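Reader: Please take a close look at a single part of this model. I would like the helices and their packing.

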Amino acid sequence: MADVGSSGQSGTTGQDHETAGTEAKRGFTRRSFLVGAGAGAATAGVVLGGAIATNTITLPGAATVPTTGGSGQGSIPATMRRVTLDIDATKHEVVVDNRETLWETMTYQLGLSNSNLGCDRAQCGACAVLVDGKAVNSCSLLSSRLGKNQVIGTVAGLSTGVGVAALHPIQRSFWLNGGFQCGICTRGFIMSTVALLKTTPNPTDDQIAEGLSGNICRCGEYSKIFTSVKVAAAEMRGEKVTYLAAPVLMGAVQVAAPVAATAVSKAFEFAAALATIEDFDPIAEKLKGTSGVLDVGGSERTITVKWDPAKFDETKIRALLAGLGHAVK
Ligand code: FES
Ligand code: FES
C-alpha cells in the first residue's frame, strides 16, 4: 500500500478536497500554506534539526508568516532547501522548493522517469516509490523532507540488466502474467508489491488486497495483478513457477538465452529525446522485429539494444536507429 502516513505526510486530508474557490477566498493556495506554515515548518525540523522561524515570507493577500531558515543553506532563498536524495543507490544533490514533491524533483530536476503520475493527490498509488523500504506516494512527499539519508527506491533500481531474464521476479511476474493493461499503474503496483513481499513472503488474498489497497488500476486488471503477486512471491521463495502469458511472450524470454554469452548490449542516448514514453514502444517493436536484434529497452532519453555480433555491430545499430528516424549520440 502506498503508505503516505508512514512518511509523515498527510495524503488525503480534508484540505485536499477544498475547492479553488475556497482557496481564492482565503487569498492563498494550499501549497502556499504548506510553505509558510504546516509542512514548511515540519520540513525545517527534519532538514535543519529544528532551526525554525528565522526568516519571514509574505503570502499573497495574507499576513506575514514565519518560515524557516538557518545555517548551512548558503545563499538559497528561505523557501528552498538543499538536500541529497539517495535514489536507486545514486546520490543526487539538489536545491528544492519547499513545495516540491519527490515526483517533481525526480522528473523535472533529475530527468528520471521512474514513476508515473496519476492523480497527483495521494489517491491512486501510481507514483509509489520506496522510502526506507516503505511504499509512499511520491506525488505527496515533499523532497525537502528527504535529506536525512533516507534510501529511496524506484522501479528502475530493481532489474539487474537488459531483458526479461534480468528483471526482478516481481517485474517478470507482472510482465509474464499480464498484470497490466495500459501500464500507468504498474510501477506503483510493483513497488507496493516489493514492500509487501518484504514483510509477507507468502501473502494470502486478503493480505495482498490490504497491501495493495493504496493502488488503483483503472483498467481493472486486478485478477492478473493478484496472480502476478502470488507467482512472484513463489519465485522469491525459491519455488519453481510458470507464467500465465509465457506462451504468448515466450519469444521475449527465449531470445536472450541462446546467445547471451556472446550478445553485445549497449545503451545509446537519443539525439532528440522522445516526446513521451509512449513513443518508445513502436521503435522497440520495429527493432525487435529485425533479425539479429535480441532485446530492446529504454526510456524517452535512452535506448539499450542487445544484438548478435555475428549479424550486427555498433555502426549498423546506429544506422538502423537513424533509419527509423531516431539517431543516437
Ligand atoms: S497517488 Fe501519486 S499520482 Fe496518484
Ligand atoms: S493497467 Fe491501466 S491503470 Fe492499471
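Author: What follows looks at one helix, then at a helix pair beside it in the account.

This is a predicted model, in which local features need pLDDT of at least 70, side-chain atom pairs count only at pLDDT 80 or more, and totals for chains, interfaces and linings use all residues. Residues are numbered from 1 along each chain as its sequence is written, while chains are lettered from A and ligands numbered from 1 in the order in which they are written.

Start with α6, residues 186-199. Helices here are DSSP runs of H or I with at least four residues, strands are runs of E with at least two, and both are numbered from the N terminus. Helix α6 has 14 residues and spans 20 Å from first C-alpha to last. That is close to the expected 20 Å, taken as 1.5 Å times one less than the number of residues.

Twelve of the 14 residues are buried, so α6 is largely enclosed by the rest of the structure. Buried means 20 or more other C-beta atoms within 10 Å of a residue's own, with C-beta atoms placed from the backbone; 12 or fewer is exposed, and in between is partly exposed. Among the buried residues are Arg187, Phe189, Ile190 and Met191. Their cover includes β5 (128-131), β6 (134-137), α5, α7 (205-211) and α8.

Now take α5 (residues 169-176) and α8 (residues 222-236), which pack at about 140° with axes 8 Å apart. The contact uses Pro169, Ile170, Ser173 and Phe174 of α5. From α8 come Ser228, Val231, Ala232, Glu235 and Met236. Contact means C-beta atoms, placed from the backbone, within 7 Å.

How values were computed:
Axes fitted to C-alpha atoms, helices over the stretch in contact; angles between N-to-C directions. Contact = placed C-beta atoms within 7 Å.
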